[in-house]
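Subject: Structure handover

Hello,

Here is the structure you are taking over. My notes on it come after the files.

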Amino acid sequence: MAGSGNHLGNGKLNLGSLRDYYRRELLECLDKCNGTKALVWDDALTGPFGLIVEYSLLKEHDVEKMMSLPKDNQALAPSSVQNIIFVTRPKLDLMDQIAQSLLKEDTKGGFRKEYHIIFVPRKSLLCERRLKEAGVHGSVTHIEEFSLSMIPFDSDLMSMEMDNSFRECFLENDMTSMFHAAQSLITIQSLYGIIPNIDGKGECAKHVVDMMMRLRRELEGQEPQITPQIDNLFIIDRTVDLLTPLLTQLTYEGLIDEMYGINNTSAKFPPQKFLSKNESSTSDMEYKTVVLNSGDELFSELRDKNFSAVGQVVSRKAKFITAEFDERNSAKTVGELKHFVSKLPHLQQARTELAKHTSIAELIKEATDTEEFMECLHCQQDLYKGEDTDKVCPYLEDCIGRREPLLKILRLLCIQSFCNNGLKPKVLDYYKREILQTYGFQHLVTLGNLEKVGLLRPHGIRNYITLRKTLKLTVDTVNEMNPNDISYVYSGYAPLSVRLIKFLARPGWRSITEVLNMLPGPTFNEVQQIPVALRKRRSSVTSSHSSIADQKVTLVFFLGGVTFAEIAALRFLAQQDDGGSDYIIATTKIITGSSLLHDISAKGLKGHITDGPYVHN
Amino acid sequence: MASANWQTLGRVYYEKMEMYALEWGDQIDLSKFIVAAAPYGGPLALLQDISSNPNIGTTVRPLLTVFTSAGKMISQMRWNSGRIKQLGWSHNEELLCVQDEGTVLVYDIFLTFIRQFGMGQEAKETKVLDVRIFNSYKGTGIAILTCSFRVFIVNSIDDLRIRRLAEVPGLDSAPTAWGIITMDGQSQALVAKGNELYLIDHGGQYQKQEIEISTPLEAIIDMAISFNNKYIALFTESGLVWIGSADLKKKYCEFNTKSPQKPTQFVWSGPGAVVAMWEKMMLVIGPDKDYIPFHHDSTVSLVEEEDGIRIIGRDSVEFFRKVPQVTEQIFKIASMEPGAMLYEASREFERQSQRADEYIRTVKDQLDVAVSQCIQAAGHEFEPSRQSALLKAATFGKCFLTDYNPEPFVNMCQMLRVLNQVRKPSIGIPLTYTQLERLTMPVLIDRLVMRKYFYLAIRICQYLKLPEAEGASRILAHWACYKVQQKNEDDEHLARVIADKMGDTPGVSYSEIANKALEVGRPDLAIRLLDYEPKASRQVPLLLKMKKEQLALNKAIDSGDTDLTYFVLLHLKDSMIQGEFFMAIRNIPEACSLFLQYCRQQNPQMMEQLYYQEDNFQEEATCKVVNSFKQERLDDRLRILAEAKESYTKARNEFAAKQVDEEIRLLKYQRRLEEELHREYTDLSLHETIHKLIIDNSHKMAETLRKEFKVPEKRYWWLRIEALAEAGEWMELEKFSKTKKPVLSMEAFVDVCMKQNNKLEARKYVQRVTPDKKVACLIKVGLLREAADVAFQNRSEDELNRVLRKCSVTDRAVEDQVKGYRQQLATAGKR
């Protein structure tokens, strides 16, 4: 379980209070059962819970034991606690597992226990019905819900961490996760005030906002009276911009996610690089887990940089730290020594951070320096610049010939489809056949899915050129070291989603109506009335330049996922003089192109694309 | 004198006062009834005791009557269910009738049946011997003693969990006495087996209890636990009363009544005295062995209250309590307390006597205390005239104080006004001030509402300025629930009347009212009312109950709450035949997608059927493809794939149909290969199959497959060189590379060799690589120096840098060379 959560409070909006809200709710839930407790986890929840409470706090509330929900008809591990609490998402297969465990418990006998279920984030009639059918509903004493859905990751970032939300919403038309999204917006508004202005783009976005309005009506005006701390909500479907996540992210954090996968703000690395000199590597060493959030000072400096600028910062930092340590030798007076000693803990921490990120950067550099990586990147660049997109791409052909990972192939293929406004039937069928013959027939379903969500499509209206020109998606001269445009996050491509946000902030969407009409889903604006007493007082009308304190706060909500590179681009935007707003980012899931495609590929068939981090090399 | 009817019990005073003259007059002889009265001035339930009258046959149904505390009849019915073992009231003033086979029937004060529940199988089989209805930390609990001498307990009648308490060791006859004690959030039973005492709990534990006593302990035949669960009194065979703390650790006194006869009632009067009753004789025993005897002229019934006992007699209700401390301070003869002085002063002032001034002077410094005492004492008075005399004294005292906080005085006036209202014989709730403080005002309002005194309740709320949500609007909701039961008004009108009165006041639940309407058989009214309900989660279950499935489905979908939609969908699915169900949802896309999602996880077969029904051949085919992978036997798989092909053709997806066809052919080939070569091929892709064939040296077969499935030449080359390299067929590979028109460039050969980590072989091909790719290949095979040379020849700084990046510590020489080259290029460039 990671982190204390101190770093959450450093932003424009104190997301620490969201964490506190969840902590209170959880503890209230736990305290409803008297006596000692064991928690039985749905494994998908341990990560998010780790960001909300630490084990010691659970212990204070009589939690003595934690275990995973047994799979495959296994029994619960024996324990001597008075209460067994299942903590679970409302999913039917999980209900079956819980029912199995409970039935097994019945046969065990022995010390009498009480059983409870905490649903996260919501109780579900469907699940309770399932428990009833399994004949175990009666043996559950309390059924509670714990509304943890929007997990605060960092001072400006929240994620609902719903793995399949893109698939459910855009492929299967199941809006369950959108309902949860609407409810978490209600939670956010209950903590930070009603958001006066809402802009959105996309079917789901509209749906979420409608539901949120409806839920507010249900509250019957019993909302807390708080001055709004968030001025705007911008809510967007991932399907509005399917190109951006497909490209390889080139920021430090983005590359870590692409290569090693970041889950609940931590990533696992092969341990060899992290050894100190006198340790020797053995093959059975565990992966090194590193927590990646703004609590790590160096990381917060590096995360959004283009990777080519990372080396420079790291070496500068190394020099600086060495110089600081050298001060010890030059310190003569007691006062100087004292000053040095007072800095020591901070310095030591900085040194650990430095060592950590040097190792990570080395790992990434090894991968980015390979021919394969460079070639892939060039291919992507050629494609988004619209070069030869209407023919079969020889590089892609070679990749298939070499049987490179399917996810890589699909990413490139979908990029080509997007940048060519869909593929000619002949080209498309050729690719599809190549993939089926090489990777197996089961991917007929995968390809079908890609077509259903529009990642892959037959030739259609030519509008990519207009999009590219109007939104300046591609930029030829990129300064990776000292960027002056968001396109640095992909070394030459500016995320479409973030460009839309920039245009919305300034000069407004009216200037790009044509583009908006090309993108899927409705464009909408809603205004929520704020009682006069609660309205923010703006500084005097005469001051033309708004000061930093006056900077507006915009909550950007990506439905269906967001990449770290887009987050970096938004952070970059906020720092610009003409940015016009600070951004808080919320999403259903932090994604990479590979995790997105993995999500919608054929599931549960033989020869399924391997699970685990989607290493891209 | 106020203290005229005070009686001393040791050093404390007790008083008995008449609350009501009973309205039932002489018509009721309590000795012929089983009496149960609810505390906090609650109602009385009287059941004709037929067992005592041998003249009445068992076929006669006894009368059950509910009266207010003032003896006004509220309701009456003839009991026509089983034998009642015990009557009692819950904390919500519900009448609990416990029958001898353990069934508990619950009625409201109008004797409207609410619900019933059992106390378990064992009670049913062995019958109930005795019952205790008690106040637990969770509400009202029931404990029963079965004829097998086991105790079963329900801690709260609102949360029915029957627990069996531990067994008392060696108990082979009925316990001589027992009771329920609630301590530390747990209810336990104290059971006397002769002179042994056991405490038993639901965790399966029993503890034998010892008490401190001067004489050898005799069999305990009765026990009384005080209202606050802190004290206990035991009654032994020889008439000894032992009074102590509830945990039996502390003894307060032993008192010998010398009565060998078990008292007919044995209860506590507040926390300070134990009352034992034999027929018409009542004995009050204090903790210091003091006692007061009373004689009644008829059978009376004692009702324990928090601060005393209500005594229900033949023609009056009296209240017996310890005189509250402030009252004693003011009215005790020759009291010198400030309150007493102020009260005197005020009386003198009324008489316009100057002695008022003298009294005031004596308490000048303690006037604030005096005022508080008078206010407090007023609260404890029943008689309005005495309340006002005390309040007048308080006001009089306040005149001499400059900064006295008026709040306590105002509050007390308000409380008294409310108390006096509810105490009126017409309402008949004789609450004391102490009881009201414990009961709280919202609960009192609830009780008025339950008695249907809506108007009074609302007036009280308005008078006390309670917030709408917890006050008036809640009462209105109850009123509305009551209103819908009046059948003489038509639906339309009633719905409007209710909506008009309630508007959208916060906290009103229209669904509750609608539910009530439904209960009384007015579904149309219920639907009208439900329209006002903003919460779909409340509307939907009710609509389902009313069999308005379509409406429920629409409302659920509108709310966006998918869980709710699922709930309706599954309800529909269970209540309809499949075809009808499909028809019902086919035109509602949201419902369709959700149901499909459910099927995807739970019932893929049904998903396929649904698509079939909808003529969605494309999706039907996909279902079949997915299904084919789940088949164990190849023949099944082929059969289903053939079906899939057909569906794709129907969907006009020629491409997919063709692919399925190819897969069928491939599978057949693979089966043949397995039979011929005795190796596994099934589930490999075409590419993998050919790859494996080449490695296994079945080149001819590989060639056949290539032709059959038209593998493009370029990919076949890749396939071939990879397989050759993997098989270590280096000669073959080299021969292949020298084919006249190579389809692949030489880097490909370098790559496949390097994939097998064979640098030596790889270097063979490097020389044949085109110049633009040469540097990269040289780097790959580890020839850095050569790479640097070529890069220099190419005059490419970019390539030089690439070499440089690859240089490790051991390549110092190369590094220097590269740097040199770079220098040269730079100078050349300047020229």
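Predicted model: local features only at pLDDT ≥ 70, side-chain atom pairs only at ≥ 80, totals over all residues.

Residues are numbered from 1 along each chain as its sequence is written, chains are lettered from A and ligands numbered from 1 in the order in which they are written, and side-chain values use heavy atoms, with hydrogens and water left out.

Salt bridges

A salt bridge here is a side-chain nitrogen of Lys or Arg within 4 Å of a carboxyl oxygen of Asp or Glu. By this rule there are 93 salt bridges over all chains.

One of them joins the side chains of A:Arg571 and A:Asp304, at 3.1 Å from N to O. A:Arg571 lies in helix 21 (residues 564-575) of chain A and A:Asp304 in the loop between helix 10 (297-302) and helix 11 (307-330) of chain A, so the pair ties together parts that are 267 residues apart in sequence. Helices (H or I, at least four residues) and strands (E, at least two) are DSSP runs, numbered from the N terminus. Both A:Arg571 and A:Asp304 are buried, where buried means under 20% relative accessible area, exposed over 50%, and partly exposed in between (1.4 Å probe, protein chains only).

Another salt bridge, at 2.6 Å from N to O, is formed by the side chains of B:Arg715 and A:Glu434. This pair crosses between chains, from helix 26 (residues 713-727) of chain B to helix 16 (residues 425-439) of chain A. B:Arg715 and A:Glu434 are both buried.

In chain B, the side chains of B:Arg679 and B:Asp696 meet at 3.6 Å, N to O. B:Arg679 is partly exposed, at 37% relative accessible area, and B:Asp696 is partly exposed too, at 22%.

A network of salt bridges links B:Glu608, B:Glu620, B:Lys624, B:Arg633, B:Asp635, B:Asp636, B:Arg639, B:Glu643 and B:Arg671.

Sheet

Chain B has an open sheet of four strands in the order 7-8-9-10, with antiparallel pairing; two strands pair if DSSP finds at least two bridges between them. Strand 7 (84-89) and strand 10 (113-117) of chain B are at the edges with a single partner strand each, so one side of each is left without a neighbour in the sheet. Strand 9 (residues 104-107) of chain B is joined to strand 10 of chain B by four bridges. Within strand 10 of chain B, B:Phe117 stands opposite B:Val104.

Regards
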